[in-house]
Amino acid sequence: MQTEAAPAALDLARRVDAIYRAESRRILATLIRQLGDFDVAEEAMHEAFVAAVEQWPAEGVPDNPRAWLITAGRFKAIDRLRRRSKHEVPLDDALEDKLESLADPSQPDEGGGIEDDRLRLVFTCCHPALAPEAQVALTLREVCGLTTEEIARAYLLPAPTIAQRIVRAKAKIRDARIPYEVPEPRELPERLQSVLRVIYLVFNEGYLASSTAEAIRADLCAEGIRLGHLVMELLPHPDVMGLVALMHLHESRLATRTSPSGDLVTLEDQDRSRWDRPRIDRALKLVEGALSSGSPGPYAVQAGIAALHAQSPSWDATDWPQIVALYDVLTGMDPSPVVALNRAVALAMRDGPAAGLKEIDAILARGELADYHLAHAARADLCRRLGRAAEARAAYRQALAFVRQPAERRFLEGRLAALG
């Protein structure tokens with residue numbers, strides 16, 4: 001009997017773990033809307049999963065696990081808040097009324113006009129009362145479940161700095177009573193860039209995971225695209241169209257980005273016959289619409305660059321002059337060192353490795369991207385192409401000093417080993 005029970009318990013544990021990975025961020029978003037507090041909602045969600053582990057072996061897994069967990073979390077939070085009020089701070093009338101309403105199972109859950117709590121939460125986290133850097137960090141942590149360390153790597157910042165931003169942002173939302181809602185149409189434009197930045201960072205974390213053993217997290221790619229489409233339904237702005245197109249163009253190459261053993265494959269070496277052509281064709285229509293709008297933004301320009309890669313039959317046949325021209329436009333919109341690095345790589349393909357290397361050396365000489373492994377990796381690759389093996393080896397070693405992702409590390413180690 002004990003041997004039969006053990007596999008059943010293991011199977012249930014795996015089922016609960018799968019539900020947590022698939023549903024926890026949606027559950028948390030709904031609980032935040034219902035309870036109005038990030039920390040209370042997070043405690044409630046974890047208590048709900050504990051209750052599931054305790055009750056489901058006897059009761060069975062419910063037909064709708066997400067709804068069960070939301071209900072269980074809500075009642076756990078209500079009980080805890082009422083217990084806390086007896087020993088610490090009494091509940092004010094407004095909160096007491098809210099708890100009464102939440103505790104009444106006959107009351108419908110009024111979610112508002114758009115049936116997606118995660119999108120509401122994105123806009124709440126990107127409220128203009130919050131500093132822009134706090135908006136993105138909070139959304140990545142609370143909406144998408146990225147760890148503080150993953151966010152820090154995306155920002156090239158220390159993890160404690162990101163943690164402080166998240167704590168301050170939560171306090172601001174609580175103290176300023178920032179509403180949990182999608183803003184009115186007239187308010188959307190001022191909130192748009194923060195929301196788009198968040199969505200693209202989510203997608204990028206899936207496209208090349210910062211710390212997991214697997215290089216690709218398809219769930220985060222899909223979540224970024226899903227949120228992008230929701231925003232596009234709200235506001236068919238050229239830059240929203242551009243971002244959605246950009247994500248689809250990148251996703252069209254997912255099957256060729258890694259080898260069967262999980263190693264990274266560069267764009268130059270990917271099997272283009274395996275790219276998702278129907279997805280590319282749909283994305284190209286969005287790119288055309290975004291670029292012909294008369295007011296394309298940075299994501300539309302990036303989508304234009306990705307479209308040129310997607311339409312090229314090979315790496316050597318790529319329209320590098322046009323890509324450099326688009327990077328020049330993008331630099332005027334977003335003069336960041338990462339954009340400058342990408343432009344330098346494109347310049348190397350147009351004018352030769354020496355031209356690109358000169359640009360990268362200038363970026364590094366200014367102290368920009370000194371800790372960014374891709375800058376050193378790009379420099380190493382251009383030195384390799386120029387036959388400057390000693391410099392290439394030194395640059396690869398510098399890149400390895402900063403790289404975190406296991407698949408990227410293996411790729412750089414392979415390039416270094418090939419130089420002897």
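**The whole chain**

This is a predicted model, in which local features need pLDDT of at least 70 and side-chain atom pairs count only at pLDDT 80 or more, while totals for chains, interfaces and linings use all residues. Residues are numbered from 1 along each chain as its sequence is written, and side-chain values use heavy atoms, with hydrogens and water left out.

Helices (H or I, at least four residues) and strands (E, at least two) are DSSP runs, numbered from the N terminus. Of the 420 residues in the protein, 47% are buried; buried means under 20% relative accessible area, exposed over 50%, and partly exposed in between, with a 1.4 Å probe and protein chains only. Among the contacts with a separation of 6 or more, 62% are between residues 24 or more positions apart, where contact means heavy atoms within 4.5 Å.

Next, colour by pLDDT, the predictor's confidence in each residue, from 0 to 100. The protein averages 86, and 90% of the residues score at least 70. Select residues 110-115, where pLDDT stays under 50 and the model has 10 contacts beyond four places in sequence. Where pLDDT is low, the predicted coordinates should not be read in detail.

**Helix H5**

Select residues 117-125, which form helix H5. Is this helix mostly covered or mostly uncovered? H5 is mostly covered, as nine of its nine residues are buried. The buried residues include Asp117, Arg118 and Arg120, together with Leu119, Leu121, Val122 and Phe123.

Two packed helices are described by the angle between their axes and the distance between the axes. Axes are lines fitted to C-alpha atoms, for helices over the stretch in contact, and angles run from 0 to 180 degrees between N-to-C directions.

Select H13 (residues 298-311) and H14 (residues 320-333): their axes come within 9 Å and cross at roughly 165°. H13 and H14 are therefore roughly antiparallel to each other; angles under 35 degrees count as roughly parallel, over 145 as roughly antiparallel, 65 to 115 as roughly perpendicular and the rest as oblique. The crossing of H13 and H14 is left-handed, meaning that the near helix is turned anticlockwise from the far one by less than a right angle, whereas clockwise would be right-handed.

Show the side chains of the contact, among them Val301, Ile305 and Leu308 of H13 and Trp320, Ile323, Leu326 and Leu330 of H14. By class, this contact has 11 nonpolar, four polar and no charged residues. Ala, Val, Leu, Ile, Met, Phe, Trp, Tyr, Cys and Pro count as nonpolar, Asp, Glu, Lys and Arg as charged, and the others, Gly among them, as polar.

Remain on H13 and select Ala306. Ala306 is buried, with a relative accessible area of 4%. Leaving aside residues up to four places away in sequence, Ala306 touches Leu246, Leu249 and His250.

**Helices H18 and H19**

Move to H18 (residues 389-402) and H19 (residues 406-418), which pack at an angle of about 165° with their axes 10 Å apart. That angle makes H18 roughly antiparallel to H19. The residues of the contact include Arg393, Tyr396 and Arg397 of H18 and Arg409, Leu412 and Glu413 of H19. By class, the contact divides into five nonpolar, no polar and five charged residues.

**Two loop residues with positive phi**

Most residues other than glycine have a negative phi, and most peptide bonds are trans. Select Arg177, which has a positive phi of about 50° although it is not a glycine. Arg177 is in the loop between H8 (159-175) and H9 (188-207), and counts as exposed at 70% relative accessibility.

Then select Leu369, which has a positive phi of about 65° and is likewise not a glycine. Leu369 lies in the loop between H16 (353-365) and H17, and is buried, with a relative accessible area of 10%.

**Ala375 in H17**

Which residues does Ala375 touch, not counting those up to four places away in sequence? They are Leu341, Ile360, Leu364 and Leu369. Ala375 lies in H17 (residues 373-385) and is buried, with a relative accessible area of 1%.
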